[in-house]
Amino acid sequence: MREGARRAHPDDLPRLAELYRAALAHLGAGRGGALLAEHHGRPEPVEQHLARTLEDSGRTARVGTLDDQIVGFASGRTETLPGGTVLGVVEELFVEPGARGVGVGEALMDALLAWFAERGYAGVDTVALPGDRLSKNFFESSGFKARLIVMHRELPL
């Protein structure tokens with residue numbers, strides 16, 4: 001099997017939307033995932049928001065492939081801090097469960113990191129849910145280190 005990553009194209013939008021919805025379902029099952037999805041998710045119709053990502057010079061979208069079949073996607077964006085520091089943000093990175101562990105995620109992450117590095121960003125941020133050891137390990141294997149822990153408390157309604 002041959003894994004890879006490439007820039008997403010408008011023809012990929014139906015598959016991107018399908019994978020995005022699968023990623024949301026997966027995210028929603030994790031501790032804090034439903035709130036994270038609501039806070040950072042793309043509203044429906046997802047296809048329109050994904051199409052804008054493809055057109056925005058401050059964002060990028062990549063598809064991960066296995067034998068030329070799209071099995072994952074990743075997106076990133078620019079974030080300029082108030083002091084002028086520019087960061088890259090990995091917004092989404094998802095690989096179908098049956099295609100994990102063979103290098104597709106790594107190819108997607110490498111593609112995002114290259115895009116951020118080409119632009120001279122100071123660093124790259126991403127998130128992992130508490131208890132999601134696989135994601136945390138994946139990000140750490142890509143050179144990420146925790147720099148912030150967000151604490152949350154639900155309130156009675």
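Which residues in the largest nonpolar core touch the most other members? I looked this up in the model, which is a predicted one. The core has 16 residues, and Val104, Met109 and Phe116 touch the most other members. Next I checked where the core residues come from: strand 3 (69–80), strand 4 (86–95), helix 4 (104–118) and helix 5 (133–141) each give two or more. Helix 4 provides the largest share, six residues.

On to the rings. I found six aromatic pairs in the structure. One of them joins Trp115 and Tyr121, with ring centres 6.3 Å apart. Their planes stand at 85°, and over 60 degrees counts as edge-to-face, so I filed the pair under that heading. Is Trp115 buried or exposed? Its relative accessibility is 2%, so I wrote down buried. Tyr121 has a relative accessible area of 17%; buried means under 20%, so Tyr121 is buried too.

I looked up another edge-to-face pair, Phe139 and Phe144, at 5.7 Å centre to centre and 65° between the planes. Phe139 is buried at 11% relative accessible area, and Phe144 is buried at 13% relative accessibility.

My last entry returns to Phe116: ring pairs link Trp115, Phe116 and Tyr121 into a cluster.

Definitions and conventions
Residues numbered from 1 in each chain as written. Predicted model: local features only at pLDDT ≥ 70, side-chain atom pairs only at ≥ 80, totals over all residues. Heavy atoms only, no water. Core = buried A, V, L, I, M, F, W, Y, C linked by side-chain atoms within 4.5 Å. Buried < 20%, exposed > 50% of the residue type's maximum accessible area, 1.4 Å probe, protein only. Helix = DSSP H or I, 4+ residues; strand = E, 2+ residues; numbered from the N terminus. Phe/Tyr/Trp six-rings, centres within 6.5 Å; stacked < 30°, edge-to-face > 60°.
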